[in-house]
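Open the model in your viewer and keep the sequence beside it.

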Amino acid sequence: LQADYTVNDWLSLTAQGLVRKDAEEGYGAELSWAFAKFRISDELSVRVGRVGLPIFMISDYRNVGYANTMLRPPSEVYSQVPFNSVDGADITWRHEFGNTSLTTQFAAGSTKAPVTSFHVRGKDILALNLVAENGPFTLRVGHARTKVTLDDLPSLNTLVGSLRAAGAGYRLPQLTALASEVEAKGDKGTFNSIGLTADWNNFVLQTEFAKRKTETYINDTTSWYVMGGYRIGKF
């Protein structure tokens with residue numbers, strides 16, 4: 001459910017709530033967007049508050065079913081980053097270069113997201129999103145980085161506790177130092193992705209490649225997908 005209110009020709013307010021069943025037994029509600037948008041010019045705008053995190057090609061509409069050609073966007077790619085929004089601000093600049101439209105979006109802030117029985121916290125998030133559109137083709141390149149912290153992860157807490165106890169009991173400061181390193185308090189994480197869509201005549205093509213790297217307990221991942229389709233009338 002989304003609500004938009006236009007205050008004047010340069011200021012508008014937006015709030016979006018989402019209810020879904022996501023890796024839990026029951027349904028949960030979240031405030032996914034809540035921001036004020038300042039229109040500085042026809043090409044430049046700034047949003048402040050809780051804004052969508054631009055890390056995927058379909059970040060702004062992947063939870064809106066009818067906006068996707070696929071019934072269910074591939075989790076192999078879209079589950080790599082649990083963050084959908086960021087508490088902070090973003091700035092967007094759009095410009096036409098002949099027949100090509102270029103959109104540059106930069107976001108900064110922090111966020112926290114539940115993942116089954118634990119939470120992932122992103123601090124000092126910086127995300128850059130570049131989109132070029134020409135006729136039926138859209139090319140997107142994105143980069144994001146953050147300091148990652150894992151909270152409430154039972155196996156990690158047990159491991160850290162064991163290392164600290166062994167370090168103290170055997171007087172091995174190396175184990176205590178290792179426990180602090182494994183604890184993953186604010187370690188660096190990066191995410192890079194590139195995507196392409198084409199909607200030409202009756203042909204539809206969509207593909208995306210993404211790579212996650214962290215210096216934490218979280219594993220590194222690489223994933224991609226290719227989707228193709230052909231329209232026959234309204235089918």
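Predicted model: local features only at pLDDT ≥ 70, side-chain atom pairs only at ≥ 80, totals over all residues.

**Stop 1**

Select residues 2-6, which are strand β1, and residues 11-20, which are strand β2. These two strands run antiparallel and are joined by five bridges. Four residues lie between β1 and β2, and the two strands form a hairpin.

Which residue of β3 is the bridge partner of L13? Select A36 to see this partner.

**Stop 2: a charge over a ring**

Select F35 and R47 together. R47 lies over the face of the F35 ring, 4.7 Å from the ring centre.

**Stop 3: aromatic pairs**

There are seven aromatic pairs in the structure. A pair of aromatic rings is described by the distance of the centres and the angle of the planes.

Start with Y78 and Y225. Their ring centres are 5.9 Å apart and their planes stand at 55 degrees. An angle over 60 degrees would count as edge-to-face and one under 30 as stacked, so this pair, at 55 degrees, is tilted. Y78 belongs to helix α1 (residues 75-78), while Y225 belongs to strand β11 (residues 221-230), so the pair ties together parts that are 147 residues apart in sequence. Are Y78 and Y225 buried or exposed? Both are buried.

Next, select F203 and Y230. The centres of these rings are 5.0 Å apart and the planes are at 65 degrees, so this pair is edge-to-face. The pair links distant parts of the chain, with F203 in strand β10 (residues 203-214) and Y230 in strand β11, 27 residues apart. F203 has a relative accessibility of 45% and counts as partly exposed. Y230 is partly exposed too, at 49%.

Then select F56 and F191 along with Y78 and Y225. These four residues form one aromatic cluster.

**Stop 4: the second largest pocket**

Select M57, D60, Y61, N129 and V131. Of the 27 residues that line the second largest pocket, these are the closest to its centre. The space in this pocket is about 600 Å³.

If you colour the lining by class, you will find eight nonpolar, twelve polar and seven charged residues.

**Stop 5**

Most residues other than glycine have a negative phi, and most peptide bonds are trans.

Select D124, which lies in strand β7. D124 is not a glycine, yet its phi is positive, at about 55 degrees. With a relative accessible area of 42%, D124 is partly exposed.

Finish at N201. Where does N201 lie? Look in the loop between β9 (185-200) and β10. N201 is not a glycine either, and its phi is about 50 degrees. The relative accessible area of N201 is 57%, so this residue counts as exposed.

Methods: Residues numbered from 1 in each chain as written. Heavy atoms only, no water. Phe/Tyr/Trp six-rings, centres within 6.5 Å; stacked < 30°, edge-to-face > 60°. Buried < 20%, exposed > 50% of the residue type's maximum accessible area, 1.4 Å probe, protein only. Lys NZ or Arg CZ within 6 Å of the ring centre and 35° of its normal. 1 Å grid on protein atoms, 1.4 Å probe; cavity = no way out; pocket = protein on both sides within 12 Å on 5 of 7 lines; lining within 4 Å. Points joined across faces, edges and corners; volume = space filled by probe spheres on them. Nonpolar A, V, L, I, M, F, W, Y, C, P; charged D, E, K, R; others polar. Pairing = 2+ DSSP bridges.
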